[in-house]
Amino acid sequence: MMIDLVNRLNDQLETSRLDYYNNLKEPLSDKEIEILEEKYQVQIPNDLKELYKWKNGQDQNCYEAFVNNSMFMSLEDVLDSREEFNSMIDDFEIENWWNENWLPIFHNGGGSYICYDLSGIFTGKKGQLIEYWNRDNDRNVISLNLEDFIAQLTIYYSNTKSEDFDEYFAIEKIDNYPIRFIVE
């Protein structure tokens, strides 16, 4: 299903946001992903691999939003950022201010992220997407999984004319999401 979704997303972006589409990086191969998994000692889930086998984030000089006012990070940037956050966990006074099982895949440029949750913190549902706000203590689960999130994104594009597109759009209200959590 994820392959079909990214193919649909590809077609929609190529049609409705060509300038942005041209700033997306070339896809990663299975071997390149494997090398990154070994380097960072993490297993990338299959749905996330499919996303990065479609495109490897966006060019660092492109500041347009991919989704929810956030830019699409390259997989190496994801893993490097995760490693950096993980090294600071003991410095955080609040439990789950950051969690070692989060992969920050989209960022807003101001230190906040949409993260892929490898462990299912708060709900027990691995693969959910969580908002990490660097200054606020809410950690909302915004989607059950990456597939649902990308599916909603493709629906957004299919229902939005190019001239009506606003790069600050947000994918919201995904089948009973968001689920709100506060860490204290």
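Predicted model: local features only at pLDDT ≥ 70, side-chain atom pairs only at ≥ 80, totals over all residues.
Residues are numbered from 1 along each chain as its sequence is written, and side-chain values use heavy atoms, with hydrogens and water left out.

**Partners of Asp117**

I then asked what the side chain of Asp117 does meet. It has a polar contact of 2.8 Å with the side chain of Gln128. A polar contact is a pair of N or O atoms within 3.5 Å; within protein, one must be able to donate a hydrogen and the other to accept it, and residues adjacent in sequence count only if both atoms are side-chain atoms. A polar atom of the Asp117 side chain also lies 3.0 Å from the backbone nitrogen of Ser119. Leaving aside neighbours within four places in sequence, I list Asn101, Trp102, Lys126, Gly127, Gln128 and Ile130 in contact with Asp117, contact meaning heavy atoms within 4.5 Å.

**The sheet**

I placed Asp117 in strand β3, residues 113-117. Helices (H or I, at least four residues) and strands (E, at least two) are DSSP runs, numbered from the N terminus. The sheet is open, with five strands in the order β1-β2-β3-β4-β5 and antiparallel pairing. β1 and β5 (141-143) stand at the edges with a single partner strand each, so one side of each has no neighbour in the sheet. Two strands pair if DSSP finds at least two bridges between them.

I went through the pairs in order.

- β1 (residues 71-72) and β2 run antiparallel with two bridges, and Met71 has His107 as its bridge partner in β2.
- β2 and β3 run antiparallel with five bridges; Leu103 has Tyr116 as its partner in β3, and His107 stands opposite Tyr113.
- β3 and β4 are antiparallel over four bridges, with Tyr132 the partner of Tyr113.
- β4 and β5 are antiparallel over two bridges, and Leu129 stands opposite Ser143.

I also checked the hairpin of β2 and β3: five residues lie between the strands, and Gly109 in the turn has a positive phi of about 85 degrees.

For burial, I found five of the six residues of β2 (residues 102-107) buried. In β4 (residues 129-132), Leu129 and Glu131 point one way and Ile130 and Tyr132 the other, and all are buried. In a regular strand the side chains alternate between the two faces of the sheet.

**Cysteines**

How many disulfides does a search of the whole structure find? I got zero, a disulfide being a pair of cysteine sulfur atoms within 2.5 Å. Cys62 counts as buried at 5% relative accessibility, and Cys115 counts as buried at 0%.

**Phe165**

Last, I looked up Phe165, in the segment after α6 (146-159). Phe165 counts as partly exposed because its relative accessibility is 22%. Leaving aside neighbours within four places in sequence, it is in contact with Arg17, Tyr156, Tyr157 and Thr160. Its C-alpha atom is separated by 35 Å from that of Gln43, 122 residues apart along the chain.

Conventions:
Buried < 20%, exposed > 50% of the residue type's maximum accessible area, 1.4 Å probe, protein only.
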